[in-house]
Amino acid sequence: MSEPKFTPGPWNIGTPPPNNEQTIGTKDGMMVAVATTGVNMVGATLANAHLIAAAPDLYSALKMVLDDPYVLDGRPRTYKYVQTALAKARGEG
């Protein structure tokens, strides 16, 4: 399993501009993403921004699940889902 090359977290949601976009970036001001949707979907834009901002934390949580041999004991299908999600996050899937 290779190490992730993404910008380390935490990622935060920026102040919303008037154009229905949400920026996601680091505390140092590095922008990592922009979430945007249609004009009438402001709630979806914010929800997408929250999901994107949580990505480094979700990655870490899934990695901890795989690192603990007892967490998924007897659940090989769930183990495979976690492996697949981590590989996708690393650009391997």
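A residue is called buried when its relative accessible area is under 20%, exposed when that area is over 50%, and partly exposed in between (1.4 Å probe, protein chains only). The model on your screen is predicted, so local features need pLDDT of at least 70 and side-chain atom pairs count only at pLDDT 80 or more, while totals for chains, interfaces and linings use all residues. Residues are numbered from 1 along each chain as its sequence is written, and side-chain values use heavy atoms, with hydrogens and water left out.

Select Gln 22 to begin, which sits in strand S2 (residues 21-26); a strand here is a DSSP run of E with at least two residues, a helix is a run of H or I with at least four, and both are numbered from the N terminus. Gln 22 is buried, because its relative accessible area is 8%. Show its contacts (heavy atoms within 4.5 Å), and, leaving aside residues up to four places away in sequence, you will find that Gln 22 touches several residues, including Ile 13, Pro 16, Val 34 and Leu 46.

Next, select Phe 6 and Trp 11, which form an edge-to-face aromatic pair, 6.4 Å centre to centre with 80° between the planes. Rings of Phe, Tyr and Trp (its six-membered ring) pair if their centres lie within 6.5 Å, with planes under 30 degrees apart counted as stacked, over 60 as edge-to-face and the rest as tilted. Phe 6 is partly exposed at 30%, whereas Trp 11 is buried at 14%.
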